Amino acid sequence: MAATEPEIPGFAAVELIDLHQVYGEGDAAVHALRGITVAIEKGEYVAIMGPSGSGKSTLMNVLGCLDIASHGTYLLAGNDVKEFDEDQLAKVRNRELGFIFQSFNLIPRMTALGNVELPLVYAGVKKPERHERAIAALEQVGLGYRAEHRPQQLSGGQQQRVAIARALVTTPTLILADEPTGNLDSESTEEILQIFDGLAKTGRTIVIITHEEEVAQRSHRVLTIADGLIVRDQAQADRRLAGAGVHS
Amino acid sequence: MKFSEVSASALHGVLSNKLRSILTLLGVLIGVAAVILLLAVGNGSAQQVASSINSLGTNTLSIRPTSTGGTTASSTGGTSASSTPQITMAVTNDLSSADLGHVASVVPETDTTQTVSSSTATESNISVIGATPEYFSVTTAKVGTGAAFTSSDVTDSSKVAVIGTELAQDLFPGASAIGQSISVDGTTLTVVGILTEQSSTGMQDPNTEIIAPITRVQSSFTGFGAVSTVLVAATSSGAVTAAESEVTIELNQLLRVTNPADEPYTVTSQSSLLATQQQSADSFTVLLGVVAAISLLVGGIGVTNVMLVTVTERTREIGIRKALGASRWAILGQFLMEAGILTLVGGILGVVVAVIGAQFKINGTQPEIMFFSIPLALGVSVAIGVFFGVYPAGRAAAMRPIQALRSI
């Protein structure tokens, strides 16, 4: 079925065309997104910046198929997300997307390994293979030795690394991170950013939401959002030349 | 997602929150155990009634006058057979001497309630029964110590009495009542015998009654009119029906009843009494069943409450699982299994508790488990638990992941 097919060559990883998101109705309606049009190519490492209330989290939720846009088109690897039913959306989230949250969102009563295995459980991967892949993902983020620990036995940085391993374990088309370093100290932030650098080098498509300049600087391209619209779209090289945003 | 994965995940969910699981388990356990046990008590007491009626023997008939007005009107004697024919001592003597093939004995009985006193104590509302000595062979009243009064005592209207064990102890505490005098509404009777202890099956406690020669009770208290009851013992329990028709024909002759459809008396056999008692025991079981159903409902509400809290508490977890790609059915399956495991284990423990509890006598009744109550109680509690575990989970699973994630 369409949802699980490998990405179609020639299509961008993500293509958004005039995307709107409206909450509520009539006078009380809130326009969170007012017409976003953007394409993100495979292998790009994109940072989305913007003040709070600008709509960047709404955009992230739509990209992650956690929420559905009111109007406009969202093509994920060439497939229109609007055409997917509930079960196909679940499969898309499972196989095409890896989500990393600001608050980690690990299941507290499960070990690190259990948490990382979870997407593979829903993908129907058998236990021995699941175990192997989850261990590999944990080792990739440097936490192989913490596999049997529960989230509350881990530091914030370690928990976020477990969450990254969980996002990576299904080898998704798109990795989405919503303020991944927002709850972390500078040392942990650096660890996390190094992991993202490594992922970008191996050709993973990454979209990261942040309001921290040092986080945005690590990406290839920065989209700035204000009032539900993309107000600036700059490649990192251009930003350095212009010296823009350094003082934020 | 495979069944084994769902069950492993569900088991993990159950074990990782022990307090909540134990509370749910307890709710189901109590509900199920209460239903089975209460129905067992009802059933046990019904069977007890049935067996105690059987022990009376099913070969006795009781004949009671239907017209109560007649007894007082002619209590001074001189029966006027034309208006209301009455069963007097004379009639029962005739009935007794008539040669009826299936009748073993005929016992006239007259009842009154009096205040009784000894030199040390006074007891009011004591049932005084006047009868012939055959009373002790026809009924369960048996003389334990001392002796019954005799036929000549009846002929002589002797001032003697046989009294119940409890009454004997009340009137003569710490002493033997045999040979002592009791005063019944001014008439002094000598205690000649004490009854053995009997189980109470009717309205009156047989352990506090007084049995005296019928002639004495009539002359002192009730007068020489109609008797209250005539007990007829058939030769065997198989001969009851034959005895009934013989007695009816004979009585109708003696009383000159012209219209057999309008007899001035009713005949009750132990078997019809048995049917009545069985009916009341059944309604007692139904009553207990209602109480049990209420306790099952309350247990079910407890389970529902825990389940609702569980799902609300875990909506965020549902959101995380959906974000990771769990389908609606995977989430529903997990909650279904969790609720199923909890209520089923609780239910089975409830059955075990009920079965163990039924081994002990409860208020003198040996509970007898009714087989159908086990699947009924189990089925209802599991259905309640599963429905209220799954329904809110289904609602949470149908949310967009972001809605579920935002809830705390």
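How many residues does helix 1 of chain B have, and what distance does helix 1 reach from its first C-alpha to its last? The points below begin with this matter; the model under discussion is a predicted one.

1. Helix 1 of chain B, residues 3-16, has 14 residues. From first C-alpha to last, the helix reaches 20 Å, close to the 20 Å expected at 1.5 Å a residue.

2. Which residues of this helix are buried? In helix 1 of chain B they are Val6(B), Ser9(B), Ala10(B), Gly13(B) and Val14(B). Viewed down the helix axis, the buried residues fall within an arc of 140°, and they therefore line one face of the helix. Ser4(B) and Leu15(B), on the other side of helix 1, are exposed. As background, an α-helix has 3.6 residues a turn, so residues three or four places apart point the same way.

3. Pro133(B) deserves a separate comment. Its place is the loop between strand 3 (122-131) and helix 5 (135-138) of chain B. Pro133(B) counts as buried because it has 20 C-beta neighbours inside 10 Å, and 20 is the number at which a residue is classed as buried. Leaving aside residues up to four places away in sequence, Pro133(B) touches Ala148(B), Phe149(B), Thr150(B) and Ser151(B). Between Pro133(B) and Ile214(B) there are 9.4 Å in space, C-alpha to C-alpha, although the two are 81 residues apart in sequence.

4. Turning to chain A, the secondary structure comprises eight helices and ten strands. Of its 248 residues, 45% count as buried.

5. One sheet of chain A is open and consists of four strands in the order 2-1-4-5, with antiparallel pairing. Strand 2 (30-40) and strand 5 (79-80) of chain A stand at the edges with a single partner strand each, so one side of each has no neighbour in the sheet. Strand 1 (residues 14-23) of chain A runs antiparallel to strand 2 of chain A and is joined to it by eight bridges. Leu16(A) has Val38(A), in strand 2 of chain A, as its bridge partner.

6. The last point concerns the interface. Here 21 residues of chain A are in contact with 17 residues of chain B. Helix 2 (86-95) and helix 3 (112-123) of chain A each supply at least two residues of the side of chain A that touches chain B. The largest share of that side, seven residues, comes from helix 2 of chain A. By type, the residues of the side of chain A that touches chain B divide into ten nonpolar, four polar and seven charged.

Note on methods: Residues are numbered from 1 along each chain as its sequence is written. Chains are lettered from A and ligands numbered from 1 in the order in which they are written. This is a predicted model: local features need pLDDT of at least 70, side-chain atom pairs count only at pLDDT 80 or more; totals for chains, interfaces and linings use all residues. Two strands pair if DSSP finds at least two bridges between them. Two residues are in contact if their C-beta atoms, placed from the backbone, lie within 7 Å. Ala, Val, Leu, Ile, Met, Phe, Trp, Tyr, Cys and Pro count as nonpolar, Asp, Glu, Lys and Arg as charged, and the others, Gly among them, as polar. A residue is buried if 20 or more other C-beta atoms lie within 10 Å of its own, exposed if 12 or fewer, and partly exposed in between; C-beta atoms are placed from the backbone. The expected span of a helix is 1.5 Å times one less than its number of residues. The arc is that of the directions from the helix axis to the C-beta atoms.
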